[in-house]
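Please examine the sequence and the three-dimensional structure shown here. The paragraphs after it lead from the whole chain to individual residues.

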Amino acid sequence: MGDSKKYITAEELKKHNKREDLWISVQGKVYNVTDWIKQHPGGDIPILNLAGQEATDAFIAFHPGNCLTGISIAWWKWTHNAHHVACNSLDYDPDLQHLPVFAVSSSLFKSLNSTFYGRELTFDSLAKFFVSYQHFTFYPIICVSRVNLFVQTLLLLFSRRKVPDRFLNILGIMVFWTWFPLLVFALPNWTERVLFVLTSFAVTGIQHVQFCLNHFAADVYVGQPKGNDWFEKQTAGTIDIDCSPQMDWFFGGLQFQLEHHLFPRLPRCQLRNVSPIVQELCKKHNLPYKSVSFFEANRWTIRTLRTAAMQARGLLWEAVNTHG
């Protein structure tokens with residue numbers, strides 16, 4: 001755009017609204033993204049839709065940073081993308097790899113190798129003990145599971161892995177661990193501080209429960225996902241939550257988990273609209289479309305955890321008797 005121009009009018013900005021000549025304005029600055037659009041992680045469509053326009057609001061909506069949650073965007077993309085590609089693979093999907101605390105299948109008792117974490121998912125005596133009672137500990141642990149996300153974020157950001165925008169992610173985490181403790185210690189006593197932290201964790205735990213309901217009781221498998229049966233794996237590995245439109249705010253649209261997996265870039269507010277189409281497609285090709293109530297999904301999840309727990313108890317009892 002040249003160093004001689006310090007200011008660009010809205011009228012001039014509008015002229016650069018084509019793929020081969022594409023400018024956008026974000027937070028008072030104008031960017032020439034003609035060449036960079038090919039590298040945009042979110043694809044070219046969002047930028048093309050805002051070509052030649054002021055795009056600050058849209059940019060902020062889709063690029064929140066890490067300052068509010070304490071969880072790295074780099075970590076989220078790393079795990080969530082792997083989950084979508086390898087939905088419910090016990091050794092490839094990180095969202096099912098929760099040993100030593102949870103195991104959704106007895107296949108995990110074989111100490112599978114996690115290709116995601118690059119280590120063995122060891123099913124040792126400690127894991128046997130925890131898994132044996134997982135149907136009782138599920139909800140209490142989920143209430144504080146956000147702590148694990150904090151830990152996983154730090155492990156990734158300070159690992160030797162190649163992390164995109166590592167410095168910005170670390171900076172965002174530092175901001176969070178500055179303002180959040182200041183907020184907590186602004187409360188008058190330790191009782192209120194502890195209750196505040198536990199309540200905040202419990203509220204976010206609702207979302208963690210949602211993710212578990214969508215997958216824990218669905219079909220699982222061992223091995224690498226195959227591209228030619230990707231659609232089948234998504235239908236087998238997901239469970240939708242049947243609810244009225246008035247409850248969409250509570251689930252954030254992710255009650256349509258299969259639709260989200262099939263169209264991950266589709267805005268969540270549109271998932272309900274495409275649900276009938278997905279149902280017809282599954283019916284046409286004789287594929288499962290599992291949609292149950294919130295209560296039933298919880299029951300299925302606890303039943304799955306209890307089944308694995310009973311199997312683990314059998315192993316634990318055998319180990320105790322073997323070793324006297």
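The explanation below begins with the overall architecture and then turns to particular helices and loops.

This is a predicted model, in which local features need pLDDT of at least 70 and side-chain atom pairs count only at pLDDT 80 or more, whereas totals for chains, interfaces and linings use all residues. Residues are numbered from 1 along each chain as its sequence is written, and side-chain values use heavy atoms, with hydrogens and water left out.

The protein contains 14 helices and seven strands; helices (H or I, at least four residues) and strands (E, at least two) are DSSP runs, numbered from the N terminus. Its C-alpha trace spans about 85 × 60 × 40 Å along the principal axes. Of the 324 residues, 40% are buried, where buried means under 20% relative accessible area, exposed means over 50%, and partly exposed lies in between (1.4 Å probe, protein chains only). Among contacts with a separation of 6 or more, 64% are between residues 24 or more positions apart; a contact means heavy atoms within 4.5 Å.

The UniProt record, an unreviewed entry, annotates residues 138–158 and 170–190 as "transmembrane region". Its positions are given in the numbering used here, its feature names are shortened, and such annotations may be inferred rather than shown by experiment. In the model, residues 138–158 are 86% helix and 0% strand, and their end C-alpha atoms are 29 Å apart. Residues 170–190 are 81% helix and 0% strand, with end C-alpha atoms that also lie 29 Å apart.

The next topic is how helices pack. Two packed helices are described by the angle between their axes and the distance between the axes. Helix α7 (residues 146–157) packs with helix α9 (residues 190–215) at an angle of about 80°, and the axes are 9 Å apart. Therefore α7 is roughly perpendicular to α9, a description that applies to angles of 65 to 115 degrees, while angles under 35 count as roughly parallel, over 145 as roughly antiparallel, and the rest as oblique. The axes are lines fitted to C-alpha atoms, for helices over the stretch in contact, and the angles run from 0 to 180 degrees between N-to-C directions. Where the two helices meet, α7 contributes Arg 146, Val 147, Leu 149 and Phe 150, and α9 contributes Phe 201, Thr 204 and His 208.

His 208, in helix α9, is buried because its relative accessible area is 11%. Not counting residues up to four places away in sequence, His 208 touches Ile 142, Ser 145, Arg 146 and Leu 149.

Helix α4 (residues 73–85) has 13 residues and reaches 18 Å from its first C-alpha to its last, close to the 18 Å expected at 1.5 Å a residue; the expected span is 1.5 Å times one less than the number of residues. Its buried residues include Trp 75, His 80, His 83 and His 84. Among the elements that cover the buried residues of α4 are α7, α8 (166–185) and α9.

Finally, consider the loops. Pro 100 lies in the loop between α4 and β4 (113–114), and a cis peptide bond, with omega about 10°, joins Leu 99 to Pro 100. Ser 111 is placed in the loop between α4 and β4, and its phi is near 55°, a positive value in a residue other than glycine. Asn 286 is in the loop between α13 (271–284) and β7 (291–292), and the phi of Asn 286 is near 55°. Asn 286 is exposed because its relative accessible area is 70%.
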